[in-house]
Amino acid sequence: MTQNAAPETLGDGGERAEDPDKGPSDDGGGPRPRRIRRLLKWCATVLALLMIGAAGAGYLYYRQLNDNIKKDVLNLGDSKVAEPTPNAAGQTPLNILLIGSDARDSEENQQLGGARETFGSTPLADVQMLVHLSADRSNMSVVSMPRDTLVEIPKCTDPDDGTVYPASNGRTMTNQSLGHGGPGCTVATWQELTGIHIDHFVMVDFAGVVSMADAVGGVPVCVDANIHSRDSQGHGSGLKLEKGTHPVKGEQALQWLRTRYGFEDGSDLARAKAQHMYMNSLVRQLRENATLSSPNKLRRLAEKATEALTVDPGLDTVKKLYDLSTELRKVEPERITMTTMPNRYVGARVEPTEDAEKLFRLVREDIALDGKDAKPAKAEPKAPADPAADDADIAVQVLNGTLTDTLAAAPGRTSTVAGALKEKGFTAATADTTGALSEKRTVVRYPSADLEGDARRVADALGIPASSVKRSTDVTGVTLVVGADWREGTTYKAPEEDNTTPDSAEALNGADDKACMHVSPGFTW
């Protein structure tokens with residue numbers, strides 16, 4: 001079927017690359033083949049980063065492209081999450097939050113994004129995906145959070161004007177976090193919910209999505225029936241495709257990524273699945289070096305894409321984006337796993353489930369979601385900055401965290417466990433009996449580096465694994481939270497871990513080129 005026309009500014013320039021087997025041009029004024037090949041190699045590598053919303057280009061445009069890239073603060077929240085411990089080889093994972101903004105702050109974005117009355121309105125983070133690149137760079141995991149997810153947005157401070165956005169009063173939709181000072185508040189919201197340290201963010205707007213699809217000459221997508229995403233009230237993205245697999249580009253690619261009405265149950269969950277299929281297909285296209293025969297086209301793409309980007313200071317130059325793209329390209333498509341945060345409906349919205357916490361833990365512990373990890377070598381924890389004090393001098397506060405969705409808090413746990421600590425020589429242990437918390441796993445928290453040694457010593461004395469010792473600004477001293485996994489007795493037994501990806505995460509492998517979106521019967525033609 002006929003595809004929607006791409007914007008004129010994204011054309012191919014009408015130029016052809018020289019034959020790489022021929023020698024230099026006779027007139028001496030044309031580009032040398034080696035230089036062209038180098039430029040193509042550079043652009044092909046950087047285009048790999050475009051699959052997750054970033055861009056780069058050749059050396060000649062370095063300064064111009066750097067000026068195009070917008071920067072913002074990484075984290076606008078008060079609390080921070082400690083960086084992961086390096087593995088036995090000294091390697092650490094990378095976590096990058098991808099944000100798709102619905103900002104209508106330019107004529108191009110307005111044309112692509114919709115209603116005129118929304119021009120200049122507060123942007124929403126309508127697409128949120130956490131990309132986890134494993135420490136050994138062998139695999140990649142992607143976790144999407146539906147925009148309708150109910151979360152608690154933490155207090156955030158706008159770095160530009162100092163405006164303080166108070167923490168949300170109860171739970172609100174996660175896409176509103178972007179309007180609380182910028183992408184750094186979306187990062188803070190993710191870290192609060194998941195406990196995952198986020199290293200970078202990349203935010204891209206409507207125009208950037210269109211540029212990406214045009215760069216590769218179209219991204220193949222599949223529907224199992226004819227689809228037109230438009231209902232009688234005018235709702236829908238406008239996507240119109242025939243049954244089967246078709247390359248989408250330009251505005252049609254954006255329609256695919258925004259389609260909710262017409263896919264499966266019409267929810268944001270179906271949209272996330274369609275986005276996963278698109279990203280997997282884009283990765284495969286890029287690896288096949290699709291339509292990379294025009295250097296001019298790639299240069300214009302780079303200009304358009306960088307204009308559509310906002311990143312944190314750690315990615316604020318083409319060089320930094322290039323280095324990141326090099327890391328991302330180490331992962332083969334068959335080791336990429338796309339997932340959606342497990343959730344359940346709360347009215348018309350959704351909330352994370354217990355399976356969501358399991359998925360977050362797998363990411364925190366750098367466990368591959370495709371189940372193909374070799375047994376990792378246990379890394380010896382780094383020695384704390386300050387050694388532990390004598391047991392009798394370590395002040396430990398014990399809290400009851402045994403409350404669950406189905407069980408009341410186990411009575412007397414703080415006193416029992418505090419008593420067990422005193423018998424082991426921790427005479428400064430105290431029981432906090434003021435209330436009960438909900439903590440699935442027993443954990444020892446400490447607020448600062450000078451107390452890390454004390455926290456580890458407490459955990460070691462009780463048989464609590466080192467992975468359950470966490471730095472947190474929510475506590476003022478060494479704090480032991482007795483979790484739902486220790487509801488009785490004085491001896492802690494760490495539960496066996498299930499490291500399989502939950503079925504409810506609807507995992508999709510990056511090499512799966514047979515995936516096809518189901519079309520709702522009400523939107524077929």
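In which sense do strand β18 and β19 pair, and over how many bridges? In this predicted model, local features need pLDDT of at least 70, side-chain atom pairs count only at pLDDT 80 or more, and totals for chains, interfaces and linings use all residues. Residues are numbered from 1 along each chain as its sequence is written, and side-chain values use heavy atoms, with hydrogens and water left out.

Strand β18 (residues 396-401) pairs with β19 in the parallel sense over four bridges; strands (E, at least two residues) and helices (H or I, at least four) are DSSP runs numbered from the N terminus, and pairing requires at least two DSSP bridges between two strands. Ala436 in β19 is the bridge partner of Asn400. Both strands belong to an open sheet of five strands with mixed pairing, ordered β19-β18-β22-β20-β21. Its edge strands are β19 (429-436) and β21 (469-471).

The axes of helix α6 (residues 250-258) and helix α7 (residues 268-287) come within 7 Å and cross at roughly 135°, where axes are lines fitted to C-alpha atoms, for helices over the stretch in contact, and angles run from 0 to 180 degrees between N-to-C directions. Ala253, Trp256, Leu257 and Arg258 in α6 meet Arg271, Ala274, Gln275 and Tyr278 in α7, contact being heavy atoms within 4.5 Å.

Trp256 and Tyr278 are also among the residues with the most contacts inside the largest nonpolar core, which has 55 residues. Such a core is a set of buried (under 20% relative accessible area, 1.4 Å probe, protein chains only) Ala, Val, Leu, Ile, Met, Phe, Trp, Tyr and Cys residues joined through side-chain atoms within 4.5 Å. Helix α7 contributes the largest share of this core, eight residues.

Conventions:
Buried means under 20% relative accessible area, exposed over 50%, partly exposed in between (1.4 Å probe, protein chains only).
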